[in-house]
Amino acid sequence: MAEQDVQSPPDPKPPSLPSLRWDEPPEGPVLVLLDQTRLPAEEVELVCTDVPALVQAIQTLAVRGAPLLGVAGAYGVALAAIRGYDVDEAVALLEGARPTAVNLGYGVRRAAAAYRAAVGGGADAGRAAAAALAEARELHREDAGASAQMAARGLELLDELLPGGGHRILTHCNSGTLVSAGEGTAFAVALAAHRAGSLRRLWVDETRPLLQGARLTAYEAARNGMAYTLLTDNAAGSLFAAGEVDAVLIGADRIAADGSVANKVGSYPLAVLAKYHHVPFIVVAPTTTVDLATPDGASIEVEQRPGKEVTEFGGGVPVAPLGTQAYNPAFDVTPPDLVTAIVTESGAVSPVTRDALTALCARSRQVTIS
Ligand code: MRU
């Protein structure tokens with residue numbers, strides 16, 4: 001391979017700090033986040049003592065990725081309840097922090113439902129807050145379990161689609177430990193393939209404009225000793241044309257009932273490339289990311305981010321003339337006919353159809369919120 005290849009480090013070490021943890025120091029409970037805006041330069045924790053701080057962490061992407069946003073949102077409700085803030089107000093603030101990742105609202109509503117059920121059952125404020133915290137902890141545990149199941153099922157599917165091993169997998173954005181209580185979604189499948197000896201190379205899209213691929217996926221791949229190579233997003237086409245990609249693995253922020261997949265902007269062009277080059281395009285996400293209440297891709301709200309993320313680089317260096325307007329959607333939507341399979345903790349669907357997804361969700365153990 002060319003000299004730009006990054007070799008596996010001799011001594012791989014997984015991230016030393018969890019992406020998120022609940023702590024109860026004497027001054028009162030806090031939600032502690034691994035600040036993803038500071039990676040890979042330094043591992044720094046960000047301590048949230050209240051909901052506005054957590055909302056800011058969500059909006060600046062200090063904490064990000066669909067499943068982890070759900071867990072963070074649930075703990076946010078518990079934090080508000082325990083610290084005596086207005087829970088309804090906290091719910092509204094947290095749910096509105098980012099619009100596309102359905103898990104955020106799911107986690108918030110789950111913890112809020114536990115809180116309200118306790119209040120409705122006559123619990124005092126302390127017990128109701130404890131119920132919200134217990135629900136957040138449960139979601140945290142479930143997410144770690146889902147991650148392990150997705151990894152196993154995804155690896156099975158990869159081996160079925162690509163017999164013989166030696167997989168060269170392209171991924172976009174970041175979908176590993178940093179987005180989950182476990183090892184993640186799409187990245188967890190690549191990691192499982194690495195551990196099974198069947199991953200030849202992980203191609204990592206840098207993922208403009210905020211570089212989740214370069215900063216975070218490359219960081220996770222390096223720490224796990226995976227053979228990976230970083231590329232600019234617009235180099236993907238020539239990589240496909242050179243026959244260097246065997247499969248695309250991505251996560252999702254919301255999957256509509258018809259199987260349309262919202263994920264980090266740049267995913268849709270990869271799906272088009274994959275179709276043209278006859279390469280499987282596999283989406284890995286927990287069933288909590290499937291939103292049967294959103295009928296189709298056109299109904300998914302795509303978050304628009306500040307233009308400065310495009311017109312400036314590295315948080316302040318201008319790369320365009322002053323006053324330049326920028327188009328900066330955080331996500332794009334891939335239609336189901338471009339998706340080879342959706343892998344969840346409860347099984348995979350392929351081909352991706354409304355009926356198959358509905359049936360999968362019906363047999364999953366996903367908690368429904370009344
Ligand atoms: O804007 P981000 O960094 O939160 O976007 C995250 C993604 O698009 C991930 O690919 C997605 O959440 C799936 S990974 C679980």
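**Ground rules.** The model is predicted, so I kept to its cut-offs: local features need pLDDT of at least 70, side-chain atom pairs count only at pLDDT 80 or more, and totals for chains, interfaces and linings use all residues. Numbering starts from 1 along each chain as its sequence is written, and side-chain values use heavy atoms, with hydrogens and water left out.

**Helix α11.** I looked up which residues of α11 (354-363) are buried, and got L357, L360 and C361. Buried means under 20% relative accessible area, exposed over 50%, partly exposed in between (1.4 Å probe, protein chains only). Helices (H or I, at least four residues) and strands (E, at least two) are DSSP runs, numbered from the N terminus. Those three buried residues, L357, L360 and C361, span an arc of only 95 degrees around the axis, which puts them on the same side of α11. The arc is taken from the directions from the helix axis to the C-beta atoms. On the face turned away from the buried side I found D355, A362 and R363, which are exposed. The cover over the buried residues includes β8 (254-256), β11 (290-291), β15 (341-344) and β16 (347-349).

**I342.** This one sits in strand β15 and is buried, at 0% relative accessible area. I listed its contacts (heavy atoms within 4.5 Å). Leaving out residues up to four places away in sequence, I342 touches I255, G259, V261, V283, G347, A348, V349, V352 and L357.

**α2 against α3.** Helix α2 (66-82) packs on helix α3 (87-95) at about 155 degrees, with the axes 9 Å apart. That makes the pair roughly antiparallel, a label for angles over 145 degrees. Axes are lines fitted to C-alpha atoms over the stretch in contact, and angles run from 0 to 180 degrees between N-to-C directions. From α2 the contact uses G73, G76, V77, A80 and A81; from α3, V87, A90, V91 and L94. I count seven nonpolar, two polar and no charged residues there, with Gly classed as polar and Ala, Val and Leu as nonpolar.

Where are the cis peptide bonds? One joins R208 and P209, with omega about 5 degrees, and another joins S350 and P351, with omega about 0 degrees. P209 is in the loop between β5 (199-205) and α7 (212-223); P351 is in the loop between β16 and α11.

T207 is not a glycine, yet has a positive phi of about 70 degrees. T207 also lies in the β5 to α7 loop and is buried at 0%. H278, again no glycine, has phi of about 55 degrees; H278 is exposed at 73%.

Terms used:
Angles under 35 degrees count as roughly parallel, over 145 as roughly antiparallel, 65 to 115 as roughly perpendicular and the rest as oblique.
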